[in-house]
Amino acid sequence: MIQPAKPDLVTVNIDGKEIAVPKGTNVIEAARLVNVDVPHYCYHPKLAVVGNCRMCLIEMGMPAVDPATKAPVIDPATGKQKINWIPRPQIGCGTTVSPGLHVKTTSPMVKDAREGVMEFLLINHPLDCPICDQAGECKLQEQATGYGRGYSRFIEQKNVKPKRTQLGPRVTLDDERCVLCSRCIRFSRDVAKEDVLGFVDRGSYSTLTCHPDKKLDHNYSLNTVDICPVGALTSTDFRFKMRVWFLKQTNSICTESSVGVNSVVWSREGVIYRITPRRNDEVNDTWMPDSGRVLYKQVQSADRLTSDIVLDNIASKAANLLNELSGAIAVVGSGRSSVEEQFLTRKLAAALAAPVSLVSRTAQGDKLLISADRNPNVRGALVTGLVSALPSAQLTSLAADIDAGKVKAIVSIGEDLTAAGLTAAQLAKVSVVYFGTHANATSAAAKVVVPTVTVFEKSGTFINQQFRIQKFIQAVPALAGAHNDLAALAKVITAVSGATVPAELGTLWPLIAAEVPALATMLYKNIPETGLLLDATPWAGLPFVEAQTLHFKPATV
Amino acid sequence: MAVIQVERKPLSLAERTYIPQIIGGLKTTLKHFFQPTVTLQYPEQRPEISKNYRGVPTLVKDPNGREKCVSCQLCEFVCPPKAIRITPGEIPADSPHAHVEKAPQAFDIDMLRCIYCGLCQEVCPEEAIWLQNQFSMTGTSRAEMVNNKARLYELGGTLPDQHFKWDKKKAAEEHGNAH
């Protein structure tokens, strides 16, 4: 029985199951809601519909009405309204739902149509899966299992097309594998706004190529690799590095800017091989900038800070130094720390009775997925109460305090103080305790260096420009000789003040929930994968630097 | 359960003398004196190994000297004791086999782990890995028991391949399309 639908919902029948879906949904998305998979290549939920692969063919019909009286025609055999089935298959991606629409996705006609499409797609396919990087996540492989015939009837010579074409600095194209779905063309044209790709030649000789004098070199070019349903577009960085079925997927957050792009880190045995975007319709859709995908290289970089000394000894050394200079200490927190680390930084500053400053890091945003604020978590510092005002790029007041002799020790959480405006002479006047991952001028000048870990080696949360708290999860084990930031901060707090603070997310979060009003009802484990939007009203008046990006509009505009 | 008492049969006179049994034994011994010897002086003499014997897994080259493995890593995936470890790599553009694109940089089989199941040979889409007639693997350290790529090709030799699928592919590329 058809349920009365809400005004903006349309009731359709897919394989005998009734479902109410929002108006404007196409059949592929409607079928997904009843767990029916309609195979497709060219359709992508975030791109324009073109309907050129013909893989999503379905059989559809509408309830019959008498043309003259508009009265429903009842089938005497079943006693229900008769369905007029269209005698030829229709594409699911281009068919928008209408009230009473009936769809068959498993009928013999649909199966025949899919098998026919698959046979044509595979006629000129090189079948080089053993050397293809897409193997394991290839739609052509998947559909061939369901709708392939297992042998070829094609006795003619296969077409030859260019292989190993460099479309741009990061993308390699194998035209023989291309199924001409045009997802990459539509992405470049509509999302990245750089219309560089197109088809040349006709019929079975159609070839994907760059426009003359242009290159696929925009900062979103690797998304074409992600959306390519086959192995035609492959990442030059990931080319022949590892098969995808060996890789463990860990949800993470890109630290490139305050957009907080949701990502997946692919690793095997503690080595990261690639980073791809993770769908979040409220933040990044299914896209990610290329520049954020190479950040995993910092994990294995040669200038990582490590130490053979156990953490307790480093912490007591830092505490001795800080207790000696008590009253003349400043803390430089970081907008790149996680919310939990910022909370512990605040605790450390309170234990030392030290003022906290933050360093801002700004650059031109790209209006899409890189914002002007290149710190991923400045809002976390505001929410946790580490700072109350927006940070500036230069630590001018701290520099003045050093010159005046008011500050004799600085605790820096991963911030390079020389890059933030302190001179080498000023740095030489103070004792620095540096928590950081990579060597720089500050770590070289520091009296105590606490080696910490990168975002891929720890878990935590960031608060992005929308005040959305999103969690990232440890993908690989920490480098030997580097310590988790939370453990390091907790040890130093204990060594300085004698008070113990929890250093694990599970035990720390109840404390955060108790002390931070904006996070009062939250626990780490309860934050959903797509993040949780916080109430931003306490900080509404602050002049944030971000301009408009995808799914974000600054409040003042 | 009831117990059945079985009467022991008394021995006949011939049986009691043991002479027929001794003669029977001597006959068997004598027969072997005049048969060809079957004992092999093992390390010097090696037995004939059946063609479908599944010995130590090896890598093979095709008659043109091209290494057949393209490092698809299916054997690494299927290997039940995880004895195989491959580092894939790209064939340099100036190589005569550049059209194959992919070959292993490193290929290690840990023979301390290998269980000689032959799944690697069965799964290989390129017919590059074969369990051949090598049946004795010895070494004095763990490292010695890991066959690296050079050793695997040394053990494997050349497979008289009839397909030459990559050569056909290259010929088609050079020939171009019909139009």
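Q: Which residues touch the most other members of the largest nonpolar core?
A: They are A:Cys56, A:Ala318, A:Val331, A:Leu348, A:Ile410 and A:Val492, in a core of 138 residues. A nonpolar core here is a set of buried Ala, Val, Leu, Ile, Met, Phe, Trp, Tyr and Cys residues joined through C-beta atoms within 7 Å. Buried means that 20 or more other C-beta atoms lie within 10 Å of the residue's own; 12 or fewer makes it exposed, anything in between partly exposed, and C-beta atoms are placed from the backbone.

Q: Which helix gives the most to this core?
A: Helix H13 of chain A (residues 485-497), with eight residues. Helices (H or I, at least four residues) and strands (E, at least two) are DSSP runs, numbered from the N terminus.

Q: And what does A:Ile410 touch?
A: Leaving out residues up to four places away in sequence, A:Ile410 touches A:Ala330, A:Val332, A:Leu417, A:Val430 and A:Val432. Contact means C-beta atoms, placed from the backbone, within 7 Å.

Q: Before I go on, what kind of model is this, and how is it labelled?
A: It is a predicted model: local features need pLDDT of at least 70, side-chain atom pairs count only at pLDDT 80 or more, and totals for chains, interfaces and linings use all residues. Residues are numbered from 1 along each chain as its sequence is written, while chains are lettered from A and ligands numbered from 1 in the order in which they are written.

Q: OK, chain A overall: how many helices and strands?
A: Chain A has 14 helices and 22 strands. Of its 557 residues, 45% count as buried.

Q: What about domains in chain A?
A: The assignment, automatic or from a database, gives domain 1 (9-117), domain 2 (126-241) and domain 3 (311-539). The centres of domains 1 and 2 of chain A, taken over C-alpha atoms, are 30 Å apart. Between these two, 12 residues of domain 1 are in contact with 14 residues of domain 2.

Q: Switching to A:Asn84, why does it count as partly exposed?
A: Because A:Asn84 has 13 C-beta neighbours inside 10 Å. A:Asn84 lies in strand E4 of chain A (residues 83-85). Beyond four places in sequence, A:Asn84 is in contact with A:Gly61, A:Met62 and A:Ala64.

Q: Last one: how many residues does each chain bring to the A–B contact?
A: Chain A brings 13 residues and chain B brings 16.
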